Amino acid sequence: MATFYDTHAHLDYPDFAGDLPQVIERATAAGVTRIITIGTDLASSRRAIELAEQFPAVYAVVGWHPSHASEAPEDLRPPLRELATHPKVVAVGETGLDYHHLPSAKPEHTAADDQRYKQKQAAIFRQQMEVAAQVGLNCVVHQRDALDDVLAQMRRFAGKVRGVFHCFVNDAADMRRIVATGSVVSFTGIVTFKNAQGVRDTVKATLLDQFMLETDCPYLAPMPYRGKRSEPAYVKEIADLVAQVKGCSREELSRATCENAAKFFPKISPR
Ligand SMILES: [Zn+2]
């Protein structure tokens, strides 16, 4: 059986509280042999590590999501550094910049609030890349409507920290800007959605050594589960579609994407 990794899951979310052992069993049965669970703040990162300690197939990424930047401490580095040295922590994140939802969308907020919010996002993004560089890990990058600023920030860490631009939905031109810096992208169940031809075009243009697969569960369940809770087993459906778009076998896709993950997350153990 061709095996795959789910490189981006949120197993610590309450959606999985009732049946996580079964969720992981179903993933193993579907050939999804490694699951990377991603922290979105310090509490969630600690939970991610606990899950990695509990389940051999699970690895953790620790960090602070840009959408929660306002609640982040002024200096995230000391607690994050401590978590990032855990043997099963394979990257820092998810971090990055998200300009899609800004405070001024609500009437009580002004453009000055937007500016402060963006500055706080930038500050914790920089801190997370600093920690990543210090401990020798890469970053899981969340980016929305902010690609120029993300790439500008990452340039200062060129040669030290690479990024995986997760849940990638941009066009091939943006993908090429990213891979030119040594970073990679990853694709979710969105590739299976009827209205996502643009994303499939990007998949087609992305070389086999430049991307990974992920569910971003509990969100973004692929067809035929769209709208339901997603889970790591559904990487199988994503892989089927991606193999079809790439015109390669499931085995080829398995080999390429698992190798990419092993290179990007150096602390992950081989299958
Ligand atoms: Zn995520």
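Predicted model: local features only at pLDDT ≥ 70, side-chain atom pairs only at ≥ 80, totals over all residues.
Biologist: What makes His8, His10 and Glu94 donors of the zinc ion?

Modeller: Distance. His8 (NE2), His10 (NE2) and Glu94 (OE) lie 2.1 Å from the zinc ion. The cut-off for a donor is within 2.8 Å of the metal, so these atoms qualify. Along the chain the donors follow the spacing H-x1-H-x83-E.

Biologist: How do you know that His8 and Glu94 link distant parts of the chain?

Modeller: They are 86 residues apart. His8 sits in strand β1 (residues 4-9), and Glu94 in strand β4 (residues 89-98). Both His8 and Glu94 are buried.

Biologist: Why is β1 called largely enclosed by the rest of the structure?

Modeller: Because 6 of the 6 residues of β1 are buried.

Biologist: What makes β1 and β2 a strand pair?

Modeller: Bridges. At least two are needed for a pair. β1 and strand β2 (residues 32-38) have 4, in the parallel sense, so they pair. Among the partners, Asp6 is bridged to Ile35 in β2.

Biologist: How do you know that Cys217 is in no disulfide?

Modeller: A search of the whole structure finds 0 disulfides. For Cys217, the nearest cysteine sulfur is that of Cys167, 12 Å away.

Biologist: Why are Cys217 and Cys258 called buried?

Modeller: Buried means under 20% relative accessible area. Cys217 has 0%, so it is buried. Cys258 has 4%, so Cys258 is buried too.

Biologist: Which label does Cys167 get, buried or exposed?

Modeller: Its relative accessible area is 19%. The cut-off is under 20%, so Cys167 is buried.

Biologist: What makes the phi of Cys167 worth a remark?

Modeller: Most residues other than glycine have a negative phi. Cys167 is not a glycine, yet its phi is positive, about 50°. Cys167 lies in the loop between β6 (163-165) and α6 (172-179).

Biologist: Where is Asp216, and what is its phi?

Modeller: Asp216 is in the loop between β8 and α8. Its phi is positive, about 60°, although it is not a glycine. Asp216 has a relative accessible area of 8%, so it counts as buried.

Biologist: What lines the largest pocket?

Modeller: There are 26 lining residues, and Asp98, His142, Arg144, His166 and Cys167 lie nearest its centre. β5 gives the most to the lining, with 4 residues. The pocket holds about 500 Å³ of space. By class, its lining has 11 nonpolar, 10 polar and 5 charged residues.

Biologist: How do you know what kind of lining the second largest pocket has?

Modeller: Its residues divide into 4 nonpolar, 3 polar and 2 charged. Among them are Ser67, Asp98, His101 and Lys106. The volume of the second largest pocket is about 200 Å³.

Notes. Residues numbered from 1 in each chain as written. Heavy atoms only, no water. Disulfide = S-S within 2.5 Å. Buried < 20%, exposed > 50% of the residue type's maximum accessible area, 1.4 Å probe, protein only. Donors = N, O, S within 2.8 Å, 3.2 Å for Na, K, Ca; no water. Helix = DSSP H or I, 4+ residues; strand = E, 2+ residues; numbered from the N terminus. 1 Å grid on protein atoms, 1.4 Å probe; cavity = no way out; pocket = protein on both sides within 12 Å on 5 of 7 lines; lining within 4 Å. Points joined across faces, edges and corners; volume = space filled by probe spheres on them. Nonpolar A, V, L, I, M, F, W, Y, C, P; charged D, E, K, R; others polar.
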